[in-house]
Amino acid sequence: QVQLVESGGGLVQPGGSLRLSCVASGSIFSLNVMGWYRQAPGKERELVATITSGGSTKYTDSVKGRFTISRDNRKNTVDLQMNSLKPEDTAVYYCNILQYGDGRAYWGKGTLVTVSS
């Protein structure tokens, strides 16, 4: 079992910045993909960004150039630096880990990001 705990959400004005953090604990394999997903009201959950244990990253087009994902393999953490935030970034953001060892994926409970003036 793996537990994920997110932090860092909140209310921010358009154009502002927030940094989300996620800590993973439990039975974590060394080879995995960690990432951030989001779900806006009335919409399906979508991928925001992922990063492999080797450091390869992927972003959805709408956040490229604004968001940066990073991780610390020793601490089992993954962060999402969000700059130039827009109202359409408003959503609950979920941390995710997919483990190559057993193919299982785990989710955090989510943290709410609200971009509004």
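**Close-up legends for a predicted model**

**View 1. Strand β4 and its partner β5.** β4 and strand β5 (residues 46-52) run antiparallel and are joined by six bridges. Strands here are DSSP runs of E of at least two residues, helices are runs of H or I of at least four, and both are numbered from the N terminus; two strands pair if DSSP finds at least two bridges between them. Within this pair, Arg38 lies opposite Glu46 of β5. The hairpin of β4 and β5 has six residues between its strands, and in this hairpin Gly42 has a positive phi near 75°. The model is a predicted one, in which local features need pLDDT of at least 70 and side-chain atom pairs count only at pLDDT 80 or more, while totals for chains, interfaces and linings use all residues. Residues are numbered from 1 along each chain as its sequence is written, and side-chain values use heavy atoms, with hydrogens and water left out.

**View 2. Pro41 in the loop between β4 and β5.** Pro41 sits in the loop that links β4 and β5. Pro41 has a relative accessible area of 71% and is therefore exposed (over 50%; buried is under 20% and partly exposed is in between, with a 1.4 Å probe and protein chains only). Ala91 is 50 residues from Pro41 along the chain, yet their C-alpha atoms are separated by 6.9 Å.

**View 3. β4 and its partner β9.** Strand β4 spans residues 32-39, and seven of its eight residues are buried, so the strand is largely enclosed by the rest of the structure. Eight bridges pair β4 with β9 in the antiparallel sense.

**View 4. The open sheet β1-β3-β8-β7.** Four strands form an open sheet in the order β1-β3-β8-β7, with antiparallel pairing. Its edge strands, β1 (2-7) and β7 (67-72), each pair on one side only. On average, neighbouring strands of this sheet are turned by 15° against each other, direction ignored (axes are lines fitted to C-alpha atoms, for helices over the stretch in contact, and angles run from 0 to 180 degrees between N-to-C directions). β1 is joined to the antiparallel strand β3 (residues 18-26) by six bridges. Gln3 has Ser25 of β3 as its bridge partner. In a regular strand the side chains alternate between the two faces of the sheet.

**View 5. Two loop residues with positive phi.** Most residues other than glycine have a negative phi. Asn76, in the loop between β7 and β8 (77-82), has a positive phi near 55°. The relative accessible area of Asn76 is 23%, so this residue is partly exposed. Ser84 also has a positive phi, near 50°, and lies in the loop between β8 and β9 (91-99). Ser84 counts as partly exposed because its relative accessibility is 40%.

**View 6. Thr57 in strand β6.** Thr57 belongs to strand β6 (residues 57-59). With a relative accessible area of 42%, Thr57 is partly exposed. Leaving out residues up to four places away in sequence, Thr57 touches Thr50, Ile51 and Ile69 (contact means heavy atoms within 4.5 Å). Met82 is 25 residues from Thr57 in sequence and 15 Å away in space, C-alpha to C-alpha.

**View 7. Tyr93 and the largest nonpolar core.** The largest nonpolar core has 28 residues, of which Trp36, Leu80, Met82 and Tyr93 touch the most other members. β1, β3, β4, β5, β7, β8, β9 and β11 (111-115) each supply at least two residues of this core. Such a core is a set of buried Ala, Val, Leu, Ile, Met, Phe, Trp, Tyr and Cys residues joined through side-chain atoms within 4.5 Å. Beyond its neighbours within four places in sequence, Tyr93 contacts residues including Glu6, Leu20, Trp36, Arg38, Val48, Phe67, Leu80, Met82 and Val113.

**View 8. The whole chain, for orientation.** The protein has 11 strands and zero helices. Its C-alpha trace spans about 45 × 25 × 20 Å along the principal axes. Of the 117 residues, 41% count as buried. Among contacts between residues at least 6 apart in sequence, 54% join residues at least 24 apart. The protein exposes about 6,200 Å², and carbon and sulfur atoms supply 49% of that area (Shrake-Rupley method with a 1.4 Å probe; for residues, only the protein chains shown count as cover).
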